[in-house]
Each structure stands twice: as structure tokens, then as C-alpha cells.
There are 2 protein chains.
Amino acid sequence: MKQVAILGLSYFGQAVLDELLEMDVDILLIDKDREVLDRYRDTVSAAIGMDVINQEALEKTLPKHIDAVIIDMGKNIEASILAASYCKKLEIGTIIAKAETDAHGEILGIVGATKVVFPNREAAKRIVPQIVSNLVLNYLPVGGNLVIAEIEIPDSFIGKTVLELDLRKKFGLNLISVRSSETEYTLFTPEYRFQEKDIALVSGTEFDVDQFTGRLEKEGAKRSIFNSIREIFSKK
Amino acid sequence: MKQVAILGLSYFGQAVLDELLEMDVDILLIDKDREVLDRYRDTVSAAIGMDVINQEALEKTLPKHIDAVIIDMGKNIEASILAASYCKKLEIGTIIAKAETDAHGEILGIVGATKVVFPNREAAKRIVPQIVSNLVLNYLPVGGNLVIAEIEIPDSFIGKTVLELDLRKKFGLNLISVRSSETEYTLFTPEYRFQEKDIALVSGTEFDVDQFTGRLEKEGAKRSIFNSIREIFSKK
């Protein structure tokens with residue numbers, strides 16, 4: 001059975017805990033706040049009230065051959081950096097730390113985090129394309145210039161099959177799955193015929209997806225209502 | 001040009017702002033903290049120091065026909081709920097609010113948020129499968145029972161082509177893209193031959209991906225090192 005320690009039960013730490021509780025994993029919680037620990041004491045292997053920046057205590061408590069450590073000290077950036085460096089000294093193989101800023105993430109990587117997570121930035125990257133495009137429902141950059149997007153199919157698709165549309169050839173898009181607005185994603189055949197309100201999950205380069213969903217369309221130089229606001233509030 | 005307002009520049013609000021600044025979008029910032037606003041004043045259309053729970057002031061400031069509003073009041077849960085309800089009264093079409101807990105998210109939906117975002121929970125859902133499986137590098141539930149996962153290819157794939165392996169037939173997996181550990185994701189042909197250290201991006205049902213990556217393997221009833229810790233620390 002895998003053994004995982006969570007250092008700090010801030011929002012991300014708690015969310016990881018909720019997921020781990022669904023699985024067959026040994027969980028060790030460490031946090032200064034005993035009230036938070038008490039909430040989970042009965043559901044985990046161990047819940048220890050302790051300051052993670054007490055190096056000696058941490059080294060005594062943390063098993064050396066633990067599979068992974070999750071670090072989320074909330075706004076206490078210094079504590080997360082120290083905790084990551086102590087875990088590195090213990091030669092823990094997987095050290096996952098939460099960061100908010102580039103600088104924080106960079107330091108965590110330098111002192112020993114094997115993976116730095118930016119939940120807010122990642123969520124922002126998914127949300128913003130949905131704001132600027134009408135067709136996109138969900139958008140996920142997956143590395144390189146490849147993105148995965150959930151899009152409402154344009155009306156021109158209705159009644160045509162996957163094979164007929166040949167998304168890859170015409171738009172450079174790879175169809176991953178299709179669902180009607182109500183049902184769940186499933187595997188599909190090339191003979192599948194698109195229906196009204198279908199949602200398609202596609203992958204492609206950022207450029208191809210943006211072009212297909214109209215994010216690249218220019219709307220001309222409309223006068224912005226914000227210009228008026230700016231004139232009123234700007235002190236320049 | 002689309003017009004977007006960000007109410008509250010907590011971590012998520014700032015991350016959304018960073019993304020929006022890359023795009024051709026009109027941005028209005030509203031926050032109580034003028035020091036934070038000053039950092040962005042020169043890069044956005046308007047930066048207004050104001051309490052979002054002052055309904056009258058908010059209604060005067062927020063253009064009725066704005067495309068989207070992003071709400072992130074950090075730990076101030078009451079303020080985010082009030083802001084969402086005021087935006088609803090203004091009949092704003094897209095109201096995106098950040099939440100941490102189920103209850104918070106549910107209330108935001110009730111009072112008028114059109115989309116509730118849980119960045120920490122979403123990041124946790126991606127991270128946890130990586131902890132419990134050795135092959136998985138990234139893991140994303142996309143709705144229904146479909147997941148997208150970035151996996152290290154098993155040694156048995158090396159030297160075989162995409163066509164030969166027929167992942168869909170043998171494992172129920174749909175290959176989205178392949179990259180070597182260094183390079184970026186690109187489109188691939190069925191004739192592509194897997195190489196050592198290739199990373200594959202695949203989609204499939206949660207069950208199929210978990211089975212393929214070994215998350216479903218049982219490791220027997222090994223005695224947990226945590227049991228000892230539990231015995232020491234448990235008061236029961």
C-alpha cells in the first residue's frame with residue numbers, strides 16, 4: 001500500500017486529502033492546527049499536531065521510505081520552502097508542493113520539490129478561453145502547443161458523420177469523444193452522426209483550436225465602454 | 001472586443017488577470033486594496049478601489065452589458081456570495097466565481113454564479129492518481145467516466161507502431177498525442193514507432209486507464225509502517 005504524508009491542511013492539502021480518502025492509501029497528516037486535525041483523526045492512519053519548520057521533529061516523524069509528501073502551507077511561503085528542503089534531505093522521492101507565484105514555484109523546485117502545482121493559475125488558463133470564445137466550454141493546455149477543448153459543435157456539423165467531417169484533415173483537430181448535452185462521454189465510432197447540441201472533446205494545436213472556435217476572429221476596433229470608465233477614473 | 005470585470009484580486013483573480021492581459025480584452029478591476037490595484041493600473045482599462053459588497057456602488061460601476069465577471073474574494077466567503085447575487089441582479093450573462101468547499105460552491109450557484117470553479121479540488125483530482133500510479137504523469141477527469149492521462153509508455157511498446165499496438169482494441173484507450181520526454185506534443189501518424197522514454201497522452205474510461213496504468217493492481221496486505229505511527233499517536 002502506498003504511503004503519503006500531507007504537510008499542511010490548507011485548501012489544496014484538504015482537497016488532496018479528500019481524494020486520497022477514496023483510495024487504498026496510508027495517510028499521515030501533519031499540521032499545527034489541532035482543531036483541523038481532529039476533523040480527520042478517525043479517517044487517516046495518523047494525524048500529528050506539529051510545526052513542519054521544526055526540522056528535528058519532522059525528521060523523527062516522517063518515515064524515510066514514504067512514497068510521497070504533499071506540501072500546502074497556505075500563505076506561509078517560508079514554511080513551505082523549508083518543509084520541501086527538509087523532505088529533500090530525507091530523500092523522499094515524490095515531493096509535491098503548492099505555489100501561487102512564479103518566484104515561489106521556482107524556489108520550491110530549487111530546494112527539492114519534484115513537482116510544483118499552481119492550482120489557481122491552471123484554473124485561470126482553462127477559464128479564460130471560455131470567456132473569449134462562444135463555442136468553448138472547457139479548455140486545457142496540456143503542454144507543448146497542444147490543447148484539449150470541450151466545444152459546442154457548430155450547426156454545420158449536424159447530421160454529418162465523424163468520417164464525413166474529417167476534423168483532422170479540415171481543421172487539424174483530433175476528436176477524443178462526443179456527448180449530447182445531457183449524457184456522459186463515451187467512445188464513438190467513425191459512423192457516429194452529430195446531433196443538435198452535441199458537445200465534442202477535441203485536441204489540437206492552440207492555433208487550430210482557437211481558429212476553429214473563433215477566438216482568432218477580429219471584431220474590428222469597436223469603441224470600448226471601458227474607455228469612458230477609464231477617462232472618469234484615471235488619474236493620468 | 002469582449003469586456004470582463006474581475007471582482008477581487010486574490011490568487012485566482014490575479015491568475016485570471018495574467019491570462020486576460022495576453023488577450024485582446026477590455027479589463028475592469030475592482031478591489032478594496034488600492035495597493036494591489038496600483039500594480040495593474042497601467043495595464044488594464046480601469047482599476048477601481050471599491051468594496052464589492054456596496055451594492056449601490058457596484059451597480060453604478062459595473063456596465064450592465066459586460067460579457068463576464070470573475071469573482072474571487074479569497075477567504076471572504078460572504079463577500080463572494082453577495083457579489084455574485086448583485087451581478088445576477090444586473091443580469092450579467094457570465095458570472096464565474098471561485099469556491100473552496102461544496103457548501104460555498106452550492107450557495108454561489110443558488111445566488112447566480114453561472115460557473116463555479118474549484119481550483120484546489122481540480123488540482124487535487126489530477127495529482128492524486130499520479131501519486132498512486134507509477135506510469136501516470138498527469139491525470140484529468142473530463143466528465144462522465146472519461147479521463148485524459150499522460151503516461152510513460154511501458155517497455156513493451158518500444159519499437160512498435162501506433163497501428164500495431166491498436167490501443168483502442170487492446171486497452172480501450174484513445175491515443176491523443178505522443179512526445180519524447182524532451183520535445184513538445186505534436187500530431188502523429190498511425191505509422192509512428194514508439195521510442196524509449198516516450199510519453200503518451202491517452203483518453204479512456206477511468207477504469208480502462210486505471211487498469212492500464214496499474215492503479216487497480218492490489219499489492220496484498222502489506223503491514224503498513226503507518227500502523228506503528230498510529231499506535232503511538234492514537235488516543236483511542
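Is Asp166(A) buried, exposed or partly exposed? With a relative accessible area of 31%, Asp166(A) is partly exposed, where buried means under 20% relative accessible area, exposed over 50%, and partly exposed in between (1.4 Å probe, protein chains only).

## Basis of the model

This is a predicted model, in which local features need pLDDT of at least 70 and side-chain atom pairs count only at pLDDT 80 or more, while totals for chains, interfaces and linings use all residues. Residues are numbered from 1 along each chain as its sequence is written, chains are lettered from A and ligands numbered from 1 in the order in which they are written, and side-chain values use heavy atoms, with hydrogens and water left out.

## Chain A as a whole

The secondary structure of chain A comprises 10 helices and 10 strands, helices (H or I, at least four residues) and strands (E, at least two) being DSSP runs numbered from the N terminus. Chain A is more spread out than a compact globule, because its radius of gyration is 24 Å, well over the 18 Å that the globule rule gives for 236 residues; the radius is taken over C-alpha atoms, and the rule is 2.2 Å times the number of residues to the power 0.38. Along the principal axes, the C-alpha atoms of chain A fill a box of roughly 65 × 60 × 30 Å.

The domain assignment, which is automatic or from a database, divides chain A into domain 1 (2–117) and domain 2 (122–213), and the centres of these two domains, taken over C-alpha atoms, are separated by 37 Å. Of the 236 residues of chain A, 53% count as buried. Among contacts (heavy atoms within 4.5 Å) in chain A between residues at least 6 apart in sequence, 51% join residues at least 24 apart.

Helix H9 (residues 206–213) of chain A has as its buried residues Asp208(A), Val209(A), Asp210(A), Phe212(A) and Thr213(A). The cover over these residues includes strand E7 (136–141), strand E8 (146–152), helix H8 (167–171) and strand E10 (199–205) of chain A. After H9(A) comes Gly214(A), whose phi is positive, near 85°.

Asn174(A) lies in strand E9 (residues 174–179) of chain A and counts as buried, at 9% relative accessibility. Leaving aside neighbours within four places in sequence, Asn174(A) is in contact with residues of both chains, namely Arg168(A), Leu201(A), Val202(A), Ser203(A), Leu175(B) and Ile176(B).

## Loop residues with positive phi

Most residues other than glycine have a negative phi.

Lys197(B) is found in the loop between strand E9 (174–179) and strand E10 (199–205) of chain B, and it is exposed, with a relative accessible area of 62%.

## Lys32 of chain B

Lys32(B) is placed in the loop between strand E2 (25–31) and helix H2 (34–40) of chain B, and at 58% relative accessibility it counts as exposed. Leaving aside neighbours within four places in sequence, Lys32(B) is in contact with Met50(B) and Asp51(B). The C-alpha atoms of Lys32(B) and Leu9(B), 23 residues apart along the chain, are separated by 9.1 Å.
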